[in-house]
Amino acid sequence: MSTGGLKSILATAVNKGVTEARARIFGHVLNPTGQRSPHKILRKKLIGEKVAQWYPYDIKKDDPLVMARQEQERLSKLEMLKRRGKGAPKKGQGKRAAKRNK
């Protein structure tokens with residue numbers, strides 16, 4: 001075995017040790033194979049909370065009386081449409097079902 005081969009083996013071992021130590025110190029993820037990893041995506045801050053803060057708080061959702069009145073209005077409007085013959089068709093009787101049955 002030549003000394004050049006031994007030196008290269010030692011150099012790669014030292015280099016690997018330094019890389020591992022650097023990753024531990026700075027909190028990096030070690031990826032010696034270079035395979036794709038979701039770590040970059042998982043590292044990002046979540047933005048859901050930030051987006052939710054942008055929209056004002058909806059008081060209607062807390063008040064059951066408001067929600068009940070809205071539901072009652074919806075049902076009365078639906079009933080009025082049904083009486084005029086403009087309501088939603090029964091399940092399986094719509095346009096798509098008519099196309100399929102032809």
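The chain exposes about 10700 Å². Carbon and sulfur atoms supply 59% of that area. I note that the model is predicted.

**Entry: fold and extent**

I went through the secondary structure next. I found five helices and zero strands in the chain. Read along the sequence, the pattern is α-α-α-α-α. The radius of gyration is 33 Å, well over the 13 Å that the globule rule gives for 102 residues, so the chain is more spread out than a compact globule. I also took the spans of the C-alpha trace along its principal axes: about 95 × 50 × 15 Å. Then I checked burial. Buried residues make up 3% of the 102 residues.

**Entry: charges**

I counted charged side chains. The chain has 26 positive and 8 negative ones. The centres of the two sets lie 15 Å apart.

Where do Lys95, Arg96, Lys99 and Arg100 come together? I found that these four form a positive surface patch. Arg100 lies in helix H5, which covers residues 95-101. Arg100 has a relative accessible area of 66%; the cut-off for exposed is over 50%, so Arg100 counts as exposed.

**Entry: salt bridges**

Side chains of opposite charge can pair when their charged atoms come close. How many salt bridges does the count give? I get three.

I began with helix H4, residues 64-83, which holds both Glu73 and Arg69. These two residues form a salt bridge, with the closest N and O atoms 3.8 Å apart. They sit four residues apart, about one turn of the helix. Glu73 is partly exposed, at 46% relative accessible area.

Glu71 and Arg74 also lie in H4, three residues apart, again about one turn of the helix. Their side chains meet in a salt bridge at 2.8 Å, N to O. Both partners are partly exposed: I read 36% relative accessibility for Glu71 and 45% for Arg74.

Then I turned to Asp58 and Lys61. Their closest N and O atoms are 3.9 Å apart. The limit for a salt bridge is 4 Å, so this pair counts. Is Lys61 buried or exposed? Lys61 is exposed, at 61% relative accessible area, whereas Asp58 is partly exposed, at 34%.

Key:
Residues numbered from 1 in each chain as written. Predicted model: local features only at pLDDT ≥ 70, side-chain atom pairs only at ≥ 80, totals over all residues. Heavy atoms only, no water. Patch = residues over 30% accessible without salt bridge, like charges linked within 9 Å, V, L, I, M, F, W, Y side chains within 5 Å. Areas by Shrake-Rupley, 256 points an atom, 1.4 Å probe, with all protein chains shown as cover. Lys, Arg positive; Asp, Glu negative; His and termini not counted. Charge placed at Lys NZ, Arg CZ, Asp CG, Glu CD. Helix = DSSP H or I, 4+ residues; strand = E, 2+ residues; numbered from the N terminus. Buried < 20%, exposed > 50% of the residue type's maximum accessible area, 1.4 Å probe, protein only. Rg over C-alpha atoms; globule rule 2.2 N^0.38 Å.
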